[in-house]
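Me: I am new to this structure and should like to understand the reasoning behind the terms used to describe it. May I put some questions to you?

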Amino acid sequence: MWQLGTGEERARVAIVGCGGAGCNVLRRVVAPPNALRIALNDAVPPSIADVPTRILVSGASLQGYASMDEKSVPQMETDEEKQISAALLDRDVVLILGGLGGELGGWGMGLVGRVARILGDTTLALATIPFGLEGPIRRGLAEAQFRLLQRRVDGVVTFGNDPLLQVAKDLPMSKAFAALSAIMARPASNLPAALGRADVAPLRKTLARVKDWRYGMGVGREKHRCFVAVEEAYASPWFTPVPEEIRHAIVLMSVLEAGTDEGEILHEVQRRSPQAEVAWASLPHPPGDERTIVQIFAGL
Ligand SMILES: Nc1nc2c(ncn2[C@@H]2O[C@H](COP(=O)(O)OP(=O)(O)OP(=O)(O)O)[C@@H](O)[C@H]2O)c(=O)[nH]1
Ligand SMILES: [Mg+2]
């Protein structure tokens with residue numbers, strides 16, 4: 001078990017939103033001072049006008065560029081790669097956001113991963129999986145993009161759109177997209193805040209040991225808040241149904257009672273996932289908030 005963010009220095013993080021879905025998540029992200037937001041898309045919609053760094057690309061060539069293996073082709077020759085690399089230059093960790101299944105974001109995430117790896121950064125992608133309703137073509141594209149992404153980044157956390165409908169039935173698709181974007185924005189905002197410079201190398205090792213990462217979030221109040229929050233995180237629609245298979249867990253908590261809640265939460269995690277090696281961080285707790293919030297990245 002290790003605690004994240006204990007050293008003086010913060011990790012320098014880039015949060016890169018790729019394509020329509022990625023930019024929709026990105027505009028909801030509240031970047032901590034050690035992180036900067038970067039949008040990569042084929043146009044700049046007004047919704048991301050406040051994102052300071054924007055990279056305009058066309059979707060057409062991204063698949064080909066992203067497919068170049070960084071070991072056999074370590075030079076960055078294309079304009080797209082040069083722009084991405086200029087934006088990432090002083091970063092330690094790159095968090096990549098996007099939806100699988102479109103023409104741009106799915107390949108764009110792979111290309112950002114390629115560039116970040118050439119620069120020596122630690123990389124984690126948060127990616128949505130299309131609704132079954134969106135059709136077999138998107139599903140096929142999403143699968144190909146997912147396989148490439150797994151080769152280009154240290155870890156991929158997937159968020160299926162279909163499981164969302166199990167918890168929010170009858171939601172129209174546009175509402176469901178917005179709901180999922182809001183859900184993904186929380187870990188995208190909080191993970192960078194938790195990371196110290198010293199965590200960068202061990203985090204990379206941890207991410208790389210597991211290829212399949214899941215996310216869960218839970219909220220608890222009053223006496224049994226820790227138990228309830230962990231229980232809810234484990235019951236999240238994108239979490240694994242087999243908790244005992246979790247080998248690595250990254251636990252972010254914002255607790256009502258510092259000094260007691262943390263231990264209780266970690267105990268609840270270890271009880272459910274005895275094999276898990278746990279990295280954890282305590283985030284600042286907003287004054288007046290009566291809740292204890294637990295977020296878990298689970299590596300299978
Ligand atoms: N969570 C979330 N998912 C979205 C949103 N928009 C689209 N998606 C999902 O992400 C997938 C990719 O869509 P986009 O990101 O819009 O596509 P793109 O990568 O910009 O590429 P184009 O198809 O060329 O626009 C879709 O198949 C949806 O499953 C959104 O606003 N939020
Ligand atoms: Mg688009």
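Reply: The model is a predicted one.

Me: How do you know that the length of helix 4 agrees with its number of residues?

Reply: Helix 4 has 14 residues, which at 1.5 Å a residue should span 20 Å. Its end C-alpha atoms are 20 Å apart, so the two values agree.

Me: What makes helix 4 largely enclosed by the rest of the structure?

Reply: Twelve of its 14 residues are buried, and helix 4 is therefore described as largely enclosed. Among the buried residues are Trp-107, Met-109, Leu-111, Val-112 and Arg-114. Beyond the helix comes Gly-120, whose phi is positive, near 85 degrees.

Me: Why are helix 4 and helix 5 called roughly parallel?

Reply: The axes of helix 4 (residues 105–118) and helix 5 (residues 136–152) cross at roughly 10 degrees. Angles under 35 degrees count as roughly parallel, and the two helices are therefore given that description. Their axes also come within 9 Å of each other.

Me: Which residues bring helix 4 and helix 5 together?

Reply: On the side of helix 4 they are Gly-106, Trp-107, Met-109, Gly-110, Gly-113, Arg-114 and Arg-117. These meet Leu-141, Ala-142, Gln-145, Leu-148, Leu-149 and Arg-152 of helix 5. By class, the residues of this contact divide into six nonpolar, four polar and three charged.

Me: What makes Leu-56 buried or exposed?

Reply: Leu-56, found in strand 4 (residues 53–56), has 12 other C-beta atoms within 10 Å. The term exposed applies at 12 or fewer, and Leu-56 is therefore exposed. Its C-alpha atom is separated by 32 Å from that of Thr-206, 150 residues apart along the chain.

Me: How do you know whether Glu-222 is buried or exposed?

Reply: Glu-222 has 10 C-beta neighbours inside 10 Å, so it counts as exposed. It is found in the loop between strand 8 (212–221) and helix 9 (225–234).

Me: Into which domains is the chain divided, and how many residues of each are in contact?

Reply: The division is into domain 1 (2–208) and domain 2 (212–299), with 23 Å between their centres, taken over C-alpha atoms. In the contact, 21 residues of domain 1 meet 14 residues of domain 2. On the domain 1 side, at least two residues each come from strand 1 (2–3), strand 7 (155–160), helix 6 (161–167) and helix 7 (173–194). That side has twelve nonpolar, eight polar and one charged residues.

Note on methods
Residues numbered from 1 in each chain as written. Chains lettered and ligands numbered in written order. Predicted model: local features only at pLDDT ≥ 70, side-chain atom pairs only at ≥ 80, totals over all residues. Axes fitted to C-alpha atoms, helices over the stretch in contact; angles between N-to-C directions. Helix = DSSP H or I, 4+ residues; strand = E, 2+ residues; numbered from the N terminus. Parallel < 35°, antiparallel > 145°, perpendicular 65-115°, else oblique. Contact = placed C-beta atoms within 7 Å. Nonpolar A, V, L, I, M, F, W, Y, C, P; charged D, E, K, R; others polar. Domains from an automatic or database assignment. Expected span 1.5 Å × (residues − 1). Buried ≥ 20, exposed ≤ 12 C-beta atoms within 10 Å, placed from the backbone.
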